[in-house]
Amino acid sequence: MRAIVITQPGEADVLAWREVPDPRPARGEVVIDVAASAVNRADILQRRGFYPPPRGASEILGLECAGVIAEIGENVEGLAVGDRVCALLAGGGYAERVAVPWEQVMPVPDGLSLREAAGLPEVACTVWANVFMAARLRRGETLLVHGGASGIGTMAVQLAKAYGARVLVTAGSAAKIQRCLDLGADEAVNYREEDFAERFNGRADVILDIMGAKYLPGNLAALATGGRLVVIGMQGGTTGEIDLGTLLAKRASITAAGLRNRPVDEKGAICRGVAGDVWPLVAAGAIRPVVHAEIPMEDAARAHRMLEEGEHIGKILLVR
């Protein structure tokens, strides 16, 4: 089969479409004929040599895909050859075929094409695991989403609104702000022009943060009493200071969590939650994939450059 390989750590032009060995299903795995994958910021970090895959995972990029099951290993439950599925991966999505534990495989939501479904697993599982499972966002509460026009952001806005929350967002342009509002956000701040902490001071019950250290002071200011800050990215640095006095006074909490390195049983539980509680909302039209571009998989370097430029809204797909 063919796949995108990293010839050496570096810029986007180190990506090459090459012949590689076909994956075979191990015990508890299925092999999927990939129709499409999607680009995530973790792929950029891995390409540059900063984010190696978990032990035993494929060295090939790609944290999600959609396609058709081609082979099934032993001890697989509820799946059959020919099923249309999407999957959360630890790696391997930028390829014609990928092997994945069956627990991380989900049906394609009703009414979606395989291409549309390819952009859902990573964002849906990230938002579900962090905003709903970890931070326990409830109806009537307020969620602040940083990077509201990103793939994760557009999913968080829609899912929180579907569950009856009020949604605040930050974004970096008028076009991105308008898209967030169109998706259901109640208020939006252009972080290039306005201090989000001043606008949202003390109003956020839950904050979903991709920035890390740079936003810590502002996030603490924006948290309401009993607020929960969930950090899922470090685009703004890894080391910062926490005002423990503010944290104590607000009875607030901070959680930091990744998805890729979790054990299979944890990822399987997240996928079951998404399939059971999120996919019906997708099928009903309350949540829709937000796709910025569809790019041929062999041209993954162009997709990476597009993500790095930061002008996209939603997901950038790699299609076959």
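How many of the 14 residues of α3 are buried? In this predicted model, 12 of them are, so α3 is largely enclosed by the rest of the structure.

**View 1. Burial and bend of helix α3.** Helix α3 spans residues 121-134. The buried residues of α3 are Pro121, Glu122, Val123, Ala124, Cys125, Thr126, Val127, Trp128, Ala129, Asn130, Val131 and Phe132. At Trp128, α3 bends by about 25°.

**View 2. The backbone just after α3.** Arg136, which lies just after α3, takes a positive phi of about 55°.

**View 3. Packing of α3 against helix α4.** The axes of α3 and α4 (residues 151-162) lie 9 Å apart, and the two helices pack at an angle of about 55°. They are therefore oblique to each other, and their crossing is right-handed. From α3, the contact involves Val123, Ala124, Thr126, Val127, Trp128 and Phe132, while α4 contributes Gly151, Ile152, Met155, Ala156, Leu159 and Ala160. By class, this contact of α3 with α4 has 10 nonpolar and two polar residues, with no charged residues.

**View 4. Crossing of α3 and helix α9.** The axes of α3 and α9 (residues 264-283) come within 9 Å and cross at roughly 90°, which makes α3 roughly perpendicular to α9. Ala124, Cys125, Trp128, Ala129 and Met133 of α3 make this contact with Ile270, Cys271, Gly273, Val274, Asp277, Val278 and Trp279 of α9. By class, the contact of α3 with α9 has 10 nonpolar residues, one polar and one charged.

Conventions: Residues are numbered from 1 along each chain as its sequence is written. This is a predicted model: local features need pLDDT of at least 70, side-chain atom pairs count only at pLDDT 80 or more; totals for chains, interfaces and linings use all residues. Side-chain values use heavy atoms; hydrogens and water are left out. The bend at a residue is the angle between axes fitted to the seven residues ending there and the seven starting there. Helices (H or I, at least four residues) and strands (E, at least two) are DSSP runs, numbered from the N terminus. Buried means under 20% relative accessible area, exposed over 50%, partly exposed in between (1.4 Å probe, protein chains only). Axes are lines fitted to C-alpha atoms, for helices over the stretch in contact, and angles run from 0 to 180 degrees between N-to-C directions. Angles under 35 degrees count as roughly parallel, over 145 as roughly antiparallel, 65 to 115 as roughly perpendicular and the rest as oblique. A crossing is left-handed if the near helix is turned anticlockwise from the far one by less than a right angle, and right-handed if clockwise. Contact means heavy atoms within 4.5 Å. Ala, Val, Leu, Ile, Met, Phe, Trp, Tyr, Cys and Pro count as nonpolar, Asp, Glu, Lys and Arg as charged, and the others, Gly among them, as polar.
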